[in-house]
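Please look over the structure below.

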Amino acid sequence: MSAVLALMMAFTLSAIAQEDDDGPNGETAAELLVDGMDAASDRAYDSARRLFQKLISAFPDSPEAARARRALSSLGSDGDTEEGRAAIRADEAERTAEYRHAFLISVGDRVFFAESSAELGGRALAIIEGQARWLKLRPNLTITVIGRSDDGGDRRSAQTLSKQRAEAVRDRLIAAGLDASRVDLRPTGNDDKVAVCSTSMCRAQNRNAEVFINDLRDQDPIRSSMQSSTTRPPRGLSGRPAETGQVAQ
C-alpha cells in the first residue's frame, strides 16, 4: 500500500487541468483518473478498477494510464486495510487543500463589509456570483459561510452582525443557483479574527464573510468529472492576511 500512498499524495489538480482527446464516451484521461481515485476513496473498489481499466484501454500511452496501472496493481484487498484508509485520508486532505487554493485564486474566498453593516456592495456581489459559478461546476463540494465581525460593541451584537453577514452571502449564493443543501453557516462574532491589530484599516479585514470549502471526507459522496482548475501551489489551510488588508467592499 505504500505505492498507493505515494501515488495519492503526488496526485493533485494538475491531472484535472491536462488537455486530452476525448475517450469513447467523451471523457478525458484526466477525468477518468479523477473518477477512479474518487471511487477508491469511497471504497468502491470494483468501480475504481473499471474506471482505471477503461482509462488504460482508451489512453494506453498517457501519463494518467501509468498512474492508473500503479493504482490498479495496488488496489487488491489492501484497500480495506488501515494503511489503505490512511492513504485515502491523506489523498482527501491533499485534494481539499488544492480545491481551497484554486477557489481562492480563481474567484476569491471572502467579501468585506462596511462598518456595522451586513449589506453587500457591488464588488462583493460580483465576487459571490463568481463563487457560485465556480461551485456549481463542482457539485461534489459543500461549503460553510463563516461570518465575522470586528465593529466594536458587545459580544452579542458582534455575533448577531456576523450571522447577518453570513446569511447575506448564503442567500446570494442560493439566488445565483447554488443548491441550499450545500451551504452551512458559522457566525463567529469577533472570536475568529483574521488580523489582530488596532488600526481601522487593519481591523476592516475582520469585517468579512468567508466561503470555506469543507473537507472532502465530510462531503456527501457525490462525484463529478466537471473539474477544470489549473495547477497552483497548495495554500496553507489556515493561511490568513497580516497587518495590511482590504477595505470594506
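**An arginine and its sheet**

Leaving aside residues up to four places away in sequence, R182 touches L135, K136, R138, P139, L141, T142 and I143 (contact means heavy atoms within 4.5 Å). This is a predicted model, in which local features need pLDDT of at least 70, side-chain atom pairs count only at pLDDT 80 or more, and totals for chains, interfaces and linings use all residues. Residues are numbered from 1 along each chain as its sequence is written, and side-chain values use heavy atoms, with hydrogens and water left out.

**R182**
- R182 sits in the loop between α8 and β3 (helices are DSSP runs of H or I with at least four residues, strands are runs of E with at least two, both numbered from the N terminus).
- The side chain of R182 reaches the backbone oxygen of R138 at 2.9 Å.

**The sheet**
- An open sheet with mixed pairing is formed by 4 strands in the order β1-β4-β2-β3 (two strands pair if DSSP finds at least two bridges between them).
- The edge strands, each pairing on one side only, are β1 (110–112) and β3 (183–187).
- β1 pairs with β4 (residues 208–213) in the antiparallel sense over 3 bridges, and V111 stands opposite A209 in β4.

**The helices**
- Helix α7 (residues 122–136) lies across β1, β2 (143–147) and β4, and runs at about 165° to β1 (axes are lines fitted to C-alpha atoms, for helices over the stretch in contact, and angles run from 0 to 180 degrees between N-to-C directions).
- Helix α8 (residues 155–175) packs on the sheet and touches β1, β2, β3 and β4; the direction of α8 makes about 160° with that of β3.

Terms used:
A polar contact is a pair of N or O atoms within 3.5 Å; within protein, one must be able to donate a hydrogen and the other to accept it, and residues adjacent in sequence count only if both atoms are side-chain atoms.
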